[in-house]
8 protein chains.
Amino acid sequence: EFAKIDRHRQLRTGFPEVIWGADKTPEQITKIINLMRQDDGVVMATRIEAEVYQQLKQTIPDLMYYPTARICALSAPKTPSQIGKISILTAGTADIPVAEEAAVTGELCGFAVTRLWDVGVAGIHRLLSNRDVVYNADVLIVVAGMEGALPSVVAGMADCPVIAVPTSVGYGASFSGVAPLLTMLNSCAAGIGVVNIDNGFGAAILAGQILRTAKKISR
Amino acid sequence: EFAKIDRHRQLRTGFPEVIWGADKTPEQITKIINLMRQDDGVVMATRIEAEVYQQLKQTIPDLMYYPTARICALSAPKTPSQIGKISILTAGTADIPVAEEAAVTGELCGFAVTRLWDVGVAGIHRLLSNRDVVYNADVLIVVAGMEGALPSVVAGMADCPVIAVPTSVGYGASFSGVAPLLTMLNSCAAGIGVVNIDNGFGAAILAGQILRTAKKISR
Amino acid sequence: EFAKIDRHRQLRTGFPEVIWGADKTPEQITKIINLMRQDDGVVMATRIEAEVYQQLKQTIPDLMYYPTARICALSAPKTPSQIGKISILTAGTADIPVAEEAAVTGELCGFAVTRLWDVGVAGIHRLLSNRDVVYNADVLIVVAGMEGALPSVVAGMADCPVIAVPTSVGYGASFSGVAPLLTMLNSCAAGIGVVNIDNGFGAAILAGQILRTAKKISR
Amino acid sequence: EFAKIDRHRQLRTGFPEVIWGADKTPEQITKIINLMRQDDGVVMATRIEAEVYQQLKQTIPDLMYYPTARICALSAPKTPSQIGKISILTAGTADIPVAEEAAVTGELCGFAVTRLWDVGVAGIHRLLSNRDVVYNADVLIVVAGMEGALPSVVAGMADCPVIAVPTSVGYGASFSGVAPLLTMLNSCAAGIGVVNIDNGFGAAILAGQILRTAKKISR
Amino acid sequence: EFAKIDRHRQLRTGFPEVIWGADKTPEQITKIINLMRQDDGVVMATRIEAEVYQQLKQTIPDLMYYPTARICALSAPKTPSQIGKISILTAGTADIPVAEEAAVTGELCGFAVTRLWDVGVAGIHRLLSNRDVVYNADVLIVVAGMEGALPSVVAGMADCPVIAVPTSVGYGASFSGVAPLLTMLNSCAAGIGVVNIDNGFGAAILAGQILRTAKKISR
Amino acid sequence: EFAKIDRHRQLRTGFPEVIWGADKTPEQITKIINLMRQDDGVVMATRIEAEVYQQLKQTIPDLMYYPTARICALSAPKTPSQIGKISILTAGTADIPVAEEAAVTGELCGFAVTRLWDVGVAGIHRLLSNRDVVYNADVLIVVAGMEGALPSVVAGMADCPVIAVPTSVGYGASFSGVAPLLTMLNSCAAGIGVVNIDNGFGAAILAGQILRTAKKISR
Amino acid sequence: EFAKIDRHRQLRTGFPEVIWGADKTPEQITKIINLMRQDDGVVMATRIEAEVYQQLKQTIPDLMYYPTARICALSAPKTPSQIGKISILTAGTADIPVAEEAAVTGELCGFAVTRLWDVGVAGIHRLLSNRDVVYNADVLIVVAGMEGALPSVVAGMADCPVIAVPTSVGYGASFSGVAPLLTMLNSCAAGIGVVNIDNGFGAAILAGQILRTAKKISR
Amino acid sequence: EFAKIDRHRQLRTGFPEVIWGADKTPEQITKIINLMRQDDGVVMATRIEAEVYQQLKQTIPDLMYYPTARICALSAPKTPSQIGKISILTAGTADIPVAEEAAVTGELCGFAVTRLWDVGVAGIHRLLSNRDVVYNADVLIVVAGMEGALPSVVAGMADCPVIAVPTSVGYGASFSGVAPLLTMLNSCAAGIGVVNIDNGFGAAILAGQILRTAKKISR
Ligand SMILES: Nc1ncnc2c1ncn2[C@@H]1O[C@H](COP(=O)(O)O)[C@@H](O)[C@H]1O
Ligand SMILES: Nc1ncnc2c1ncn2[C@@H]1O[C@H](COP(=O)(O)O)[C@@H](O)[C@H]1O
Ligand SMILES: Nc1ncnc2c1ncn2[C@@H]1O[C@H](COP(=O)(O)O)[C@@H](O)[C@H]1O
Ligand SMILES: Nc1ncnc2c1ncn2[C@@H]1O[C@H](COP(=O)(O)O)[C@@H](O)[C@H]1O
Ligand SMILES: [Mg+2]
Ligand SMILES: [Mg+2]
Ligand SMILES: [Mg+2]
Ligand SMILES: [Mg+2]
Ligand SMILES: [Mg+2]
Ligand SMILES: [Mg+2]
Ligand SMILES: [Mg+2]
Ligand SMILES: [Mg+2]
């Protein structure tokens, strides 16, 4: 028995356990998906490369795939069913896959997601002329590699929590995401929570938890 | 003019700019406090050692001091005026000063704060027998040094967002907080936002933002 | 003469020198296996990929292979012949190969091994509902990547020595196993000995030494 | 309530919780000692500087002090009451304080301890002419700073488990104990468990657990 | 003869060798100042603490001191004699000493310097409402600790070279200036040259070289 | 809309936004090139491998390629149109690709570029017998891997700004360019600005900004 | 002109410049070999993979290859012509390629070389029973990966200089050679000079310089 | 018995064991000096601060002190008695204490030592005009902090072995000597052996071993 599915999670948090695809064989992933489909809730796996999806699809024909996000799931995003709006921003074009991992996770979990790509601080006017995306959000996910400065600027404009996602985009002294990670942890702008490098999934779940708390409080 | 107070912040986020006391002279801190007292809202400074407070008090007689938290402020925590409950946990006794920085900040900003100290994972029964503190929270702040494993376990039990605060408590291979910082960033439990080492203040502001967004949505 | 087999080791410790396969050519491994088979005791090699095994098998037809553990050996595990029970736990599914390296090594050396996979701290109930595996052990090997918190929790429940094995499973700020390594070295739970990242083999030999000393004393 | 004493530990492991003195105020230490003295078992604190001990002694007159080990305790080592012999070795003179932390902890817990100081590998004849200390042990604790090579050599001679303790002794590229820590984790000699830099205490507790397991098995 | 003054430098670059005060005895500094005063050009020393200055002044009565910049010199800034305007910005109040090291060096070398303090990106409106300081410069020196994001934003607005100076201001994961250093090296905004952590002096000399080359070309 | 072209940059700095090719798909690069060709100014992309260029050329037949520099562009270097001379030096042969990235960028932007390859400090006579390349420059770009010492020596000879570019050339303790990066940041020779590891492009843009400032001042 | 051969080196040191093959194209290597063959002295290149050698051989038919050492040269080792004996030791089998780089370089330069492989400290008797190789040397090169402890032990037995070569052999916390590098730099045994990770070539040249100095002094 | 003096060392290598003073109490140092004075040969201790020397002198009246080198010894340097000349160079003034540790050690062991201070590469003419110190040496010790480039340049001029000593002199990104250490390990100039940061003593002993081997061979 190579996997123990955490079924409490769906009940407790409203979000299911999600399969981390990166270090599993296609056989293992198939078995877990089939086990999980018996339960209620979203069944999805992250870090699934296109070739792995092709293999999985042969025995799970109803499995869908979101290639930029590298996510596969048994269901598709529908009209948002949850309260609260998530805005997701990227600093550059190369950060989009991580941002899509967050976006698709959020949408599969029922949230409304707004995307704003390539508004990094080296051309601040691009962000300033899209201010409304920042102001309209209930929670912000800001994704950036290289120097990772975007969350600081966004948090200085926003009136809601900011989740900062460093990416491994960059070269040389970016050290595969260490540079933006440190930038985000050291931000002078308070009200930022940081997740692991390239962890779009975790950012979306945290955003979901934040919005879910809103619902709980309002009762 | 050595300081430009960010007066937008209070309006935008409901939380004031807070004075970072660590790298400023007492003269600088005094001037900034006096400038800020003309505005509405909380006036407070963090990282104030007891001796510095004694100096400040001479020219600002109504300044109060919270020694464990190393915070001074022009006002005291009152009956909570804001919606939402913050629970703050520590793994050990030595993590309390960082946790108090979070607690006092939260209370000065008007939130109800519950404290639970010394429930680290090496004696898991201590946490399990205080489960209600976890379950009753709307947002959790979990403070831990050394191996920093407490937020993972707590996030696996909670149904609300968890803010993880690594501390510099420890020795040897804890590298002044790097070990718990990495632990928290790598947590298998999704729904955790991490802040800088020893940053109790930032954790409280993020908690406040989460609860504020919750209030906004729930209207 | 590219290798000097350490024949004292079998006599001294009851465990043979084991061939580290990773940086050797198939020709070198074959020669060493043939040299060692002349002695008493277990002949085995670790870090053998499936293709390398296929090459070795052509000239050593009685060589067996344990693919998940990536171990090949001239003998198979039999009914345990040594005193003492080893329990091996993993935090996740992806940690299984390292844990199997420990398990197969232990079994080839004659010990009884109990396996418990995927009981990481992010869903603590999975561990709590398998408590007996912890309580029944004479020595515990706990294998974990990402945040590596499982050994701390296990050591807080166990009444026997805990050997902690960090794995390179994870991404981003896990830094190929550095994060769980630091977590384990900094554990607040005393009674933990740590081995190198992914070193399932070393953990099993240490467990064997512990049980062997126990046997020696108890006479 | 700043501290929750882990009373299960004495029952479960035979060893009490021990007070980590480094980040506590004398008042906190005093309160915890007085709480713990009501239980059975050893009451001790580590990382107590001489001046702190002088303060503690004023309200706890029966408190004893072991200055090199920087340990204070309510009891003294007596004739060994536990089964099994611990040998403790250091590479140099400067490693003695860490080794004494291990030795005094072991003795307070009832074990027989043999000390062998200053037998580092740069003059290997010093170790070779003290071979019997290695051969007579049931468990070995080997303490070394700078290059930290002693545990490798000792483990290559011993027939029992070796606990390796890196120390922060050294300068420059020893990086406060990182160099010997890495040396020990990478040892080619199997059967070594490593603890945190300067963690003599943890080494002694692990040694105790190992010997206790021996007792348990022999029943 | 403990010091060999580099007299070519003044001739070659128009800027003198400057005495690095931090690792020298007051006696050594005094001797070097007296040697250098025989030449033409500015005689100055950096990293001079107030107490050291008091000692130096006893034997060099005409020595002046700039306490925030920690610079002492035999001359004072005068009406700018060189072509080109340097603007110096800081992200926070605590970065001012490093910025003053740059400013006083620049002024002693004859340049016009404009100062703009505390305009970090967490409150971007503070920078935006001081745009003219950026637009009026011929070369910009941008000084920032913590996340160090200010140079990226400034370089995205400026039409002249930007010299980025990381400072050791911050705590935890700022690692004494490593975080802002990495941020600056990874900036998406091209046209930034980075100097060592806290190296205000080097930034001013580079600015001077840039303006001097400008003058040379423009002839 | 995956990319927001920063059209202000050409106007503001005289240099266009340049496409970072490394993390983009050929489709994305093609779309951006076609968008940018509608504007005035240079259209170029860096970090383009030969195979990617072959793909791009199929739909953009007038695209040119500079293989050593790994740059593709819609235009070729012409007779220099800008004021000021850039000299580019390398320490070794293996540093040439990074230096060519700088050289081609500089030439495409209209500057006169002089190349001097393989004059590293281990044979200082090679540099000393090419002194004129140093003396004739208005700005110097010095490219070095391994120990990265060349910029220090060059800056000690030059009378103009030096831009230092560390490269990832080397092995072992060069840590993919960290060693030369640190060397350059710590240079005793003042007047050096450092860019990211392998960032030939950024060095050329900074050189261009420096020369452009010269032009501006001289008006 | 992509390469400037350092012809002074042969005259000055008695050893030629040697071509570093790793970052050069076969065309570049061919051109440099042909340039250098016009001079006196050894012509050789290091870090040449077998396939590269096959390419080079087509245009340079008299080029010889030493596959384990990954060296190609225009001449073969002959009867030693130089004064002084070099002994080269490795800790393990996997360190042999680096040791052979040193051995072949030494032999091509005319020195007598004795090889002793696989005598690491984890089985110290293997070294002790080969003591004469240590005692008969005029200079020792000791090559070790993983924990890298062999040079310390050897230097404690030898009466001649020891050159320590860390290798990238190992896994996990060996960090590609950092662990043995630190071990060697921190050795308690004085009289050790360390070279870069995997730098067998540099060790041989240093050994040659040492023996050459002997010759010089004796005149 | 806290110290085991390695008496073989004097016999074997011609150089005595030397007392490392930094982590020992004055009582320990006194006892060891008194033990060692009974043997033949030099008795000396390094890393002795002035106050410690004052304490030692009270019970060892014939103890001499070399304050810049921080060495105390029972004898003084005399007319050189050993064959071979050591030249010691520093890059800056602040490196002198480490260089003096090497110089005094060399002189106490009987060698002729030439000193050349403050000839760092940022003003290369200072080195070039002192060429003879390089050419006249039989072995060179080159001491440098900050960027640590001097050994590369010197080794490119010298015809004898170069021992490179990185120092902790510098700030910011010199990381207490890591920057020059990496520079020296990565030097393109072959024939350099590196010792630990600030290890002037070890450099002198290695120089002594080199000259001793030279003498042995030349017989
Ligand atoms: N992309 C992702 N990043 C981080 N964590 C993930 C990701 N996808 C799944 N997980 C988490 O990984 C765990 C599943 O691991 P496993 O049991 O190995 O499948 C669950 O706790 C998930 O919430
Ligand atoms: N010297 C020591 N090194 C490592 N851990 C220690 C040491 N002394 C006490 N501990 C552990 O630290 C914990 C006590 O921490 P605290 O609750 O802060 O007193 C217990 O789990 C002890 O087992
Ligand atoms: N080789 C290069 N090195 C560093 N930055 C570059 C390079 N090429 C382009 N850039 C910059 O990267 C940014 C473009 O990134 P992107 O929006 O992802 O295309 C622009 O700011 C360019 O100035
Ligand atoms: N295996 C090697 N390790 C270190 N340095 C080498 C090696 N082979 C050649 N070199 C040195 O590298 C330099 C040649 O570099 P290059 O000019 O790029 O061929 C010369 O200074 C050689 O002494
Ligand atoms: Mg872009
Ligand atoms: Mg506690
Ligand atoms: Mg799982
Ligand atoms: Mg000793
Ligand atoms: Mg401010
Ligand atoms: Mg070359
Ligand atoms: Mg071997
Ligand atoms: Mg100087």
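# Exercises on a predicted multi-chain model

Ligand 4 is surrounded by residues from chains F, G and H, so the site is shared between chains. The model is predicted, so local features need pLDDT of at least 70 and side-chain atom pairs count only at pLDDT 80 or more, whereas totals for chains, interfaces and linings use all residues. Residues are numbered from 1 along each chain as its sequence is written, chains are lettered from A and ligands numbered from 1 in the order in which they are written, and side-chain values use heavy atoms, with hydrogens and water left out.

## Exercise 1: the site of ligand 4

Task. Determine which residues come nearest to ligand 4 and which polar side-chain atoms lie beside it.

Solution. Step one is to list the surroundings. A residue is counted as near if one of its heavy atoms lies within 4 Å of the molecule or strand in question. Ligand 4 has 13 residues around it, and Tyr171(F), Arg9(G), Lys24(G), Thr46(G) and Cys188(H) come nearest.

Step two is to examine polar contacts, which are pairs of N or O atoms within 3.5 Å; within protein, one atom must be able to donate a hydrogen and the other to accept it, and residues adjacent in sequence count only if both atoms are side-chain atoms. A nitrogen atom of ligand 4 lies 2.9 Å from a polar side-chain atom of Tyr171(F). For Thr46(G), the distance from a polar side-chain atom to a nitrogen atom of the ligand is 2.7 Å. In the case of Lys24(G), a side-chain N or O atom is 2.4 Å from an oxygen atom of ligand 4.

## Exercise 2: the site of ligand 1

Task. State between which chains ligand 1 lies, and describe its polar contacts.

Solution. Begin with the chains: ligand 1 lies between chains A, B and C. Of the 14 residues around this ligand, Arg9(A), Lys24(A), Thr46(A), Cys188(B) and Tyr171(C) come nearest.

Next, consider the nitrogen atoms of the ligand. A polar side-chain atom of Thr46(A) is 2.6 Å from a nitrogen atom of ligand 1. The side chain of Asn199(A) has an N or O atom 3.1 Å from a nitrogen atom of ligand 1, and for Tyr171(C) the corresponding distance is 2.9 Å.

## Exercise 3: strand E5 of chain G

Task. Is strand E5 of chain G mostly covered or uncovered, and with which strands does E5(G) pair?

Solution. First, locate the strand. Helices (H or I, at least four residues) and strands (E, at least two) are DSSP runs, numbered from the N terminus. E5(G) comprises residues 85-90 and is mostly covered, with 5 of its 6 residues buried; buried means under 20% relative accessible area (1.4 Å probe, protein chains only).

Second, find the partners; two strands pair if DSSP finds at least two bridges between them. E5(G) pairs in the parallel sense with E6(G), residues 112-116, over 5 bridges. E5(G) also runs parallel to E7(G), residues 139-144, joined by 5 bridges. Ile88(G) has Arg115(G) as its bridge partner in E6(G) and Ile141(G) in E7(G).

## Exercise 4: chains E and F

Task. Identify the relation between chain F and chain E.

Solution. Superpose the copies by least squares on the C-alpha atoms of residues with pLDDT of at least 70 in both. Within chain F, Ala214(F) comes closest to the rotation axis, at 1.8 Å (C-alpha).

Technical notes. Buried means under 20% relative accessible area, exposed over 50%, partly exposed in between (1.4 Å probe, protein chains only).
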